[in-house]
Amino acid sequence: MTWLAETAMLAHGWRRFLMLLVAGAIAGLSVPPLFVLPALFAAMPVWVWCLDGAERGKGLARLFGPAFAIGFAFGWGYFTVAFHWLGAAFFVDGGVMLVLMPFAILALAGLIAFFWGLASALAHIFWSHGAWRIVTLATFLTIAEWARGHVLTGFPFDLLGYALTPTAEMMQLVSVVGIYGLTFLAALIGLTPALIWPADDRPLTRRLAPFFLALAVIAGQLGYGYNRLEGTPVAAREDVRMRLVQPLVYEHADWGNVNPQAIIDRLVTLSEMRMGPDDPGIAAATHVVWPESALPFFLSQYPEALARIGRMLPDGVTLLTGAPRVPFEAAPGTPPFNAILAIDDAGEIVSSYDKAHLVPFGEFLPFGEFFARLGIKQFVPGAEGWAAGDPRRRLMQVPGTPPFLALICYEILFSGDLGDTGEAQFLFNITNDAWFDGSIGPAQHAHHARVRAVEEGMSLVRAANSGLTFATDPLGRVTGALAPREMAVMDAVVYERLEPTTFARYRYWPLLAVLTLGLLIAVLSSRRRPAP
């Protein structure tokens, strides 16, 4: 390892860039659902060693010079591995889209890696050659992760902290620090092996101490999680029993080939299915749930659907379904909303929620006119793209139902920014991950959703078109699930909300204090750096 450390310090140019690209790709193996945690310990020290030997530029070169290239190369490798599953969506249209796939994935990974490049450059400005330098890099890397989760609508997939959430026990710490707090912790412990090599005149025990401390932190995380799982009672609600339908509606990709009657027939048949002679079926439910894209057509164009739904639902049962929605008062050509509709047993729409956080390139095109000239369109069909709803309206009120937080697809990724969680009693997430069937994408998305349940101390009900459909308790433990790409139905209970978690009370204010301390350490330690 001393050889590797010295090689990284002395490398420059394309050799250093390639070394960091490979190291970043290895670190990318730590993302859900792969969770190769040792990959962080093996790869992240390379970033430190390369910064140790990086040239110091002047002017803009200090910000966009060698140190920036080091972080960018590492991030490009990491995000190429972490986001490779997005390429599955290109197989839907095929043709020229398949040719564009590798370029699109590399471009997206490069765009996100820009944040890590800036983190690396800023850390190098305050670089020292002591142990505190890993705190400096972890601080700026966490700030960069926060920025890429919020800037330009945000894209918080695969934050570094998810590497520390492979089990229900390890997941519990997010109830205290949130996923960005865990990101700081993951960065810090992943960088500790850089303090062991290259060997110097320090005793081996002293060089190993930070690494063993990192292992002790992971052990403490496991211990905290085990105690929380064992010592936190959870109770099922008596007033909510949900029947979740996973229908495999693939017509969402081409509205021109939709047969509304056939789709409604399938959904109704699944909803009324009995799983045994003693199963009361839909009669025992208070709610039936159809996922996002279950109705790839406008109900106004097929009014018989509402009548069929009304006939299907027993008295007092409500359907919650994903569907496109256009307000009655909207002018012709107005983009529709990607919505959740609540439909009662009379076939009437009694409540709705419109998706507020749209997916870039999925549901709307940034710089739409420019990309339209290139023949690029959003993946999710829609006449003129999709309109964004009001992000303040995520709390959904349905007659006879406790208030819940309605989240469509990747809206559930945004830690600490889910909406008005004060009155919500549980998290309700519908999604359509069929674009990414056969990849790790659906499992990755589902894992992110579980972490939100732990952060907020609320149970989660998640209905997916092709998987993963599941429910959890407020501690993130899965209480029931359907297999991916299985056309099936499952019954789920909702649990009482826990007392507000530490994270729910204070959000990221404690992390802000930690990062402020990290910046202070960066400044003070850099002043002790020997003059070049």
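In this predicted model, I112 touches F79, F83, R148 and F155, not counting residues up to four places away in sequence. I112 lies in helix α7, which covers residues 96-125. Its relative accessible area is 5%, so I112 is buried. The C-alpha atoms of I112 and F72 are 8.9 Å apart in space. In sequence, 40 residues separate I112 from F72.

Helix α5 comprises residues 66-82. At 1.5 Å a residue, its 17 residues should span 24 Å. The end C-alpha atoms are 24 Å apart, which agrees with that expectation. Of the 17 residues of α5, 13 are buried, so the helix is largely enclosed by the rest of the structure. Helix α3 runs over residues 38-52 and has 15 residues. From first C-alpha to last, α3 reaches 23 Å, close to the 21 Å expected at 1.5 Å a residue.

C50 counts as buried because its relative accessibility is 0%, under the 20% cut-off. C409, at 11% relative accessibility, also counts as buried. The structure holds 0 disulfides. A disulfide is a covalent bond between the sulfur atoms of two cysteines.

The strands were considered next. An open sheet of 6 strands has the order β6-β7-β8-β9-β10-β11, and its pairing is mixed. Strands β6 (395-396) and β11 (478-481) stand at the edges. Each has a single partner strand, so one side of each is left without a neighbour in the sheet. Within this sheet, β8 (residues 427-431) and β9 (residues 460-464) pair in the parallel sense. Their pairing runs over 5 bridges. L460 in β9 is the bridge partner of L427. Helix α15 (residues 441-456) packs on the sheet and touches β8, β9, β10 and β11. The direction of α15 makes about 160° with that of β9.

T472 belongs to strand β10, residues 470-472. Its relative accessibility is 0%, so T472 counts as buried. Leaving aside neighbours within four places in sequence, T472 is in contact with R450, A453, S459, L460, R477, V478, T479 and Y495.

Strands β4 (residues 337-343) and β5 (residues 349-354) pair in the antiparallel sense, over 5 bridges. A342 stands opposite S351 in β5. The hairpin of β4 and β5 has 5 residues between the strands. In this hairpin, G347 takes a positive phi near 80°. A342 is also among the contacts of T318. T318 is found in strand β3, residues 318-325. At 8% relative accessibility, T318 counts as buried. Leaving aside neighbours within four places in sequence, the contacts of T318 are T286, H287, V288, L313, A342, I343 and V398.

In soluble globular proteins, nonpolar side chains tend to be buried together. The largest nonpolar core here has 112 residues. Those with the most contacts inside it are W47, F74, W116, L160, I179, M242 and F428. With neighbours within four places in sequence left aside, F428 is in contact with M242, V289, L320, I340, F404, L405, A406, L407 and V461.

V489 is found in strand β12, residues 488-495. Its relative accessible area is 4%, so V489 is buried. V489 touches R243, L244, V245, L270, M273, M275 and L482, not counting residues up to four places away in sequence. The C-alpha atoms of V489 and T469 are separated by 9.1 Å. Along the chain, V489 and T469 are 20 residues apart.

How values were computed: Residues numbered from 1 in each chain as written. Predicted model: local features only at pLDDT ≥ 70, side-chain atom pairs only at ≥ 80, totals over all residues. Heavy atoms only, no water. Helix = DSSP H or I, 4+ residues; strand = E, 2+ residues; numbered from the N terminus. Buried < 20%, exposed > 50% of the residue type's maximum accessible area, 1.4 Å probe, protein only. Contact = heavy atoms within 4.5 Å. Expected span 1.5 Å × (residues − 1). Disulfide = S-S within 2.5 Å. Pairing = 2+ DSSP bridges. Axes fitted to C-alpha atoms, helices over the stretch in contact; angles between N-to-C directions. Core = buried A, V, L, I, M, F, W, Y, C linked by side-chain atoms within 4.5 Å.
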